[in-house]
Amino acid sequence: MDTRDLHDKGLKLRREMFGRDAVEQRMNAFGAFGEPLQNMINAYAYGDVWSRSALPQVVLTHGHPDHLWGVLDANDNPIYPNASYIISAVEWDVWSDPDVMQKLPAAMPKEQIAKGAKNHLTRINNKIVTVREGYEIISGVRVIDTPGHTPGHISLEAVGGDGLVIAGDALTHILISFQHPSWKVPVDHEGDRGISTRLRLLDQLATDKRRLVAAHLPFPGTGFVERKDRAYQFVAG
Ligand SMILES: [Zn+2]
């Protein structure tokens, strides 16, 4: 099935799950900035992976809305009733903390995010598996700690081929995260830790020449990291 067909199949499924209006609202929320990511989500998340009925495991890199709130349908039922949900033990503690709202970055709509995380995690509570660095999701795919964006943010690394790192929100911006990795990010829970994680990750990716996937990079959302002008650049492909 080519990408266009996958996209159309995914958009149809997404509308069935959340309602047409909710999907339109989400797809238009960030205008042209979000369009490539939304198209990728339609094609690959909904059209390919999420249309498989027996998905056994979901990995949550962290508890932010755009990475967690997709686990429930419009009626707050788990979309994959048979799946287990993998989250780091530290991240689970972050969002289970009754005082989480006070600890969120000032740049965030704190109440909405804290309540939403609680609601979503409560409804999948009995399917949660808390893990630590080194946990193998499947053979050859393991969890690595990439804290800072949130205290328990995890990424995945896979062996084989070029090698692969799925970095969640550890690297979020096509220019700033690579050209200015030492700038503090307003939505990082721990700004300084976010910086050291970014610098470590970028150094490793540039040295190892492993493929990178990250959630907020422009379509196709995958590529390689190269050193440039005492910093880095993202080379899509
Ligand atoms: Zn995030």
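**Domains and the first helix**

Reply: Taken over C-alpha atoms, the centres of domain 1 and domain 2 lie 20 Å apart. This is a predicted model, where local features need pLDDT of at least 70, side-chain atom pairs count only at pLDDT 80 or more, and totals for chains, interfaces and linings use all residues. Residues are numbered from 1 along each chain as its sequence is written.

Me: What makes domain 1 and domain 2 domains, and where do they run?

Reply: Domain 1 is 1-51 and domain 2 is 53-236; the bounds come from an automatic or database domain assignment.

Me: How do you know which residues of the two domains are in contact?

Reply: Two residues count if their C-beta atoms, placed from the backbone, lie within 7 Å. By that rule, 10 residues of domain 1 are in contact with 9 residues of domain 2. On the domain 1 side, α3 gives the largest share, 4 residues.

Me: Why is α1 called a helix, and how does its span agree with that?

Reply: Helices are DSSP runs (H or I, at least four residues), numbered from the N terminus. Helix α1 has 16 residues, 3-18. The expected span is 1.5 Å times one less than the number of residues, so α1 should span 22 Å, and its end C-alpha atoms are 22 Å apart, which agrees.

Me: What makes His 7, Gly 10, Leu 11 and Arg 14 buried?

Reply: Buried means 20 or more other C-beta atoms within 10 Å of a residue's own (placed from the backbone), and these four in α1 qualify. They cover an arc of only 105° around the axis (from directions to the C-beta atoms), so they sit on the same side of α1.

Definitions and conventions:
Helices (H or I, at least four residues) and strands (E, at least two) are DSSP runs, numbered from the N terminus. A residue is buried if 20 or more other C-beta atoms lie within 10 Å of its own, exposed if 12 or fewer, and partly exposed in between; C-beta atoms are placed from the backbone.
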